[in-house]
Amino acid sequence: MTAGLNVAVQMDPLERVDIDGDSSFAMMLEAQARGSHLFVYGVESLALSEGTREQGKGYSNRLTALVRPVRVRREKGHHAIFGEPVRRDLSEMDVILMRQDPPFDMAYITATHMLEHVHGIGPGRALVVNDPRFVRDSPEKLLVTHYPELMPPTLVTWDHQEIRTFRQKWKDIIVKPLFGNGGSGVFRIREDDQNLNALLELHFARSREPLMIQRYEAAVRSGDKRIILADGIPIGAINRVPAEGEARSNMHVGGVAKKVDLTARDREICEAIGPMLKERGLIFVGIDVIGEWLTEINVTSPTGLQELARFDGINPAGILWDCIEARLAAGV
């Protein structure tokens, strides 16, 4: 049990979350119900400095943050009761949930490097969920490319001609920023669409990052399935159906969540990637499946817990905390 644990949540402002949809809020409610002491802080308050000399161990760095003690409750407009902010050494925590939203940029990457100074289990350490090293080493749209047999035809490149050749072959394509989130900047370009060159010019004038191009999967009209995995094991799924006239199914842009069951193909995909997720300490993961194809492996700040709880009558936040507790108990 998590009774008596200190749990810090690195997140965007708690005051602005949707308490009926936010997965971080669900994780906090569950931890509090198990007796944990909750703290929240913004990533911008992290500070890494030289610590004190430990006898026989030399110097160790000290990672602190301006944390606020908090109690949460499912009451709209009054869902968080904060204590006074205080700068705390994060090594005093037992668990740190890294839950700020992407984009996965240098600021995000820097935070993972800083959290590595405290990540671990035992005195002077805090279990960071997910493991910051492997969050950094597992970009959500690139990690999936290690499983080409599971994904639709895909291209990652800066090269305009390669993109045009890919469109000529597959006719109907999806163009994505490689490190975006929430469906932002995602375009569907059909065979007769004359905007591809202009889109490429606009993107590369503003960014040095490559684009991901994928074959458009018509199955998305029936939904883009979000499957939640806890320590590499699937616990359920929701189906995100695009709004009329919209190619994107993300709930941030109007996608509607619906109940769905796991198929044999879904389980095949999970069995293929599950051992890797567990080995990397990626405890809370959400993968995206369209039809028969895996399109993304989301490890930064996955969502979908509350919708899954409503549809399947399970407690996914509880299952995730069971996995965290098991890691703490095993010391790994």
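A: Just after helix 1, G35 adopts a positive phi of about 95 degrees. This is a predicted model, in which local features need pLDDT of at least 70 and side-chain atom pairs count only at pLDDT 80 or more, while totals for chains, interfaces and linings use all residues. Residues are numbered from 1 along each chain as its sequence is written, and side-chain values use heavy atoms, with hydrogens and water left out.

Helices here are DSSP runs of H or I with at least four residues, and strands are runs of E with at least two, both numbered from the N terminus. Helix 1 (residues 23-33) is largely enclosed by the rest of the structure, because nine of its eleven residues are buried (under 20% relative accessible area, with a 1.4 Å probe and protein chains only). Those buried residues are S23, S24, F25, A26, M27, M28, E30, A31 and Q32.

Five of them form an open sheet in the order 15-14-13-16-17, with antiparallel pairing; two strands pair if DSSP finds at least two bridges between them. Strand 15 (256-259) and strand 17 (293-298) are the edges, each pairing on one side only. Strand 13 (residues 224-230) and strand 16 (residues 284-290) run antiparallel and are joined by six bridges, and I227 stands opposite I287 in strand 16.

How values were computed. Buried means under 20% relative accessible area, exposed over 50%, partly exposed in between (1.4 Å probe, protein chains only).
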